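The sequence and the model come first.

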Amino acid sequence: MLKHYKEFLSKKTGRYLLGIFLLLLVDTIQLYVPQVLRSYTDKLQAGTLASPEIWQIAMVIGILAIIMAILRYLWRIMIVFTALEFEIWTRKKLYNHWTTLPMEYFNEVKTGELMSYATNDINTIRRTFSGGIIMSVDALFMTVTTIIVMGTTINWKLTFLAILPMPFIAYGVLRMGKLVHEKFRTVQEIFSQLSDKVQESFSGISVIKAFSQEELDLEDFDKINERNFLENMALAKFQARLFPSVRFLGRFSMIIGIILGAKYVLSDTITLGDYVAFIKYLEILVWPVMAIGMVTNLIQRGLASMQRVNKVLDIDSSLEETDNPKDPQGFALEVKDLSFKYPGVKENTLDNVSFSLPEGGSLGILGPTGSGKSTLVGLLLRLYNIPRKSVYLGLQDINDLSIEETRNLIAMVPQDNFLFSTELKNNISLSDMVPDEEKILRSAKDAQVHEEIMGFPRGYKTFLGEKGVNLSGGQKQRTSIARVLYKDAPIIILDDSLSAVDTKTEEAILRKLRVELARHSSIIISHRISTLQNLDEIIYLEEGRIVERGTHEELLALRGRYYRVYEKQLLEDKIQGAGYEAI
């Protein structure tokens, strides 16, 4: 259960032990107070208590109270603060682990569930490592030592009779702990679904509004929210029955102590001071017995959350990383008979794909939706495992390079232009820890987005909303292109990155890019032939296979699929041109 947390716990065990020691010191002082009251009562009954001694006893109790207050502060610093550090450490560990997992994992797990792991579950684990430890140690120590002190300093028989109900209370609470565990795990799973629903709805709010689906979306939300409410109510009702029951049963010890203790005093078996101390010890003892319920609930919650988090941490990254990475000998790219299929899918997404991209060369990829274009890009970026002897980069099998090195050599504009919720300039300089202002401006100008950025009130300091929601589709694409140009990697991949810009802007961008791309190897995926026609080679993908390849002129001469797409786009351009002329 704790295997993933040994690194932290081994470093912080000393602080935990010191905190526990201070906690036990407070408990020991707390056990001494009834003895002071015992002596005070006996002397008061005997009439031997002098006035100065009264002040001495009051001062002793006051000093002990001050000492306990200081020690309570110190043990909280040791335990509670360490638990907060543990929360931060665990969340970072979980986040780091997520970054190592392949795309298959994120394709299967929803964002809301991931958020639940990182928030609710880790918060619950932290409470277990703070309040759970405190109450467990406190309850165990106070129960054992209080019973021993009561038995040895007052009366064993009276002590035994008074604590008879307590083992039954402890047994019942421990049996009910399993139910708490199951109920809380269900609550956490429902919370994950609720988080995912909220995240998905707000991410797609524009679509919901465009299709007037607000009411339907609200109904879906209400269903999940109602389930969340019912499961939490079921847990709350269970706890509402558990804690009062424990408190009620715990009071039986107090009732037994009061009745039998009074009889023992009247029969001169114990003194009145013994009786006062005994009742005080019973009051102390009732708390740890009742705490068993809270401790059980807290620990079971923590175990349920820890099991969920451990389930994630137990997932090994399926990405194969070499133990002895080699250095690439140049940046030439060669793909040989590459075949690939996604896990759980029978048919190959790519089938015997082969091409070469020399240093400084350019390759265009055209094909219908679902032909495997983006899959090919994902493989080159090592988002999935690549069969050995299928892809070579710099004369080395790409599997012999480190994943980090491979990705550092490639800069890509993805089909889904994702921008982060930060300043525009930070999105452009994403690959650089210390942004170069001059380089940012140059990259934005080459991507034909500089003028529009300068039109914003805050220019490059404009803060973007989620996923760059305050930019148009074309502005997002051009900002992504600027980000790639800023990185200045040896290999540049543009995955349908000009689809949201008009033809005129596309031509201006391509003119600039031809200069920039001359210094790089480039792969450009596009549905527009105008984007690809000046590249060194163009391949036409269909159902994962290369069905045509050559230069623009060679492909037109074949009069095949590429030619038909060209003719269609040429006709569309003429129709649009005629329409513009009419206006």
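Three cavities of 30 Å³ or more turn up in a search of the whole structure, which is a predicted model. The volume of the largest cavity is about 40 Å³.

**Largest cavity**
- Its lining consists of Leu 319, Glu 320, Arg 382, Tyr 384, Asn 385, Ile 386, Asn 399 and Ile 403.
- By class, the lining residues are four nonpolar, two polar and two charged.

**Aromatic pairs**
- Ten aromatic pairs are present in the structure.
- Phe 8 and Phe 86 make a tilted pair, because their ring centres are 5.1 Å apart and their planes stand at 50 degrees.
- This pair joins distant parts of the chain, with Phe 8 in helix H1 (residues 6-46) and Phe 86 in helix H2 (residues 51-100), 78 residues apart.
- Both Phe 8 and Phe 86 are buried.
- Phe 340 and Tyr 384 also form a tilted pair, at 5.6 Å centre to centre and 50 degrees between the planes.
- Here Phe 340 lies in strand S1 (residues 333-340) and Tyr 384 in the loop between H10 and S4, 44 residues apart.
- Phe 340 is buried at 8% relative accessibility, and Tyr 384 is buried at 9%.
- One aromatic cluster is formed by Tyr 5, Phe 8, Phe 86, Trp 89 and Phe 129.

**Ser 390**
- Ser 390 sits in the loop between helix H10 (373-380) and strand S4 (391-393).
- With a relative accessible area of 6%, Ser 390 is buried.
- Its side chain reaches the backbone oxygen of Pro 387 at 3.2 Å.
- Leaving aside residues up to four places away in sequence, Ser 390 touches Glu 334, Val 335, Lys 336, Asp 337 and Leu 338.

Technical notes: Residues numbered from 1 in each chain as written. Predicted model: local features only at pLDDT ≥ 70, side-chain atom pairs only at ≥ 80, totals over all residues. Heavy atoms only, no water. Helix = DSSP H or I, 4+ residues; strand = E, 2+ residues; numbered from the N terminus. Buried < 20%, exposed > 50% of the residue type's maximum accessible area, 1.4 Å probe, protein only. Polar contact = N/O pair within 3.5 Å; in protein donor to acceptor, adjacent residues only side chain to side chain. Contact = heavy atoms within 4.5 Å. 1 Å grid on protein atoms, 1.4 Å probe; cavity = no way out; pocket = protein on both sides within 12 Å on 5 of 7 lines; lining within 4 Å. Points joined across faces, edges and corners; volume = space filled by probe spheres on them. Nonpolar A, V, L, I, M, F, W, Y, C, P; charged D, E, K, R; others polar. Phe/Tyr/Trp six-rings, centres within 6.5 Å; stacked < 30°, edge-to-face > 60°.
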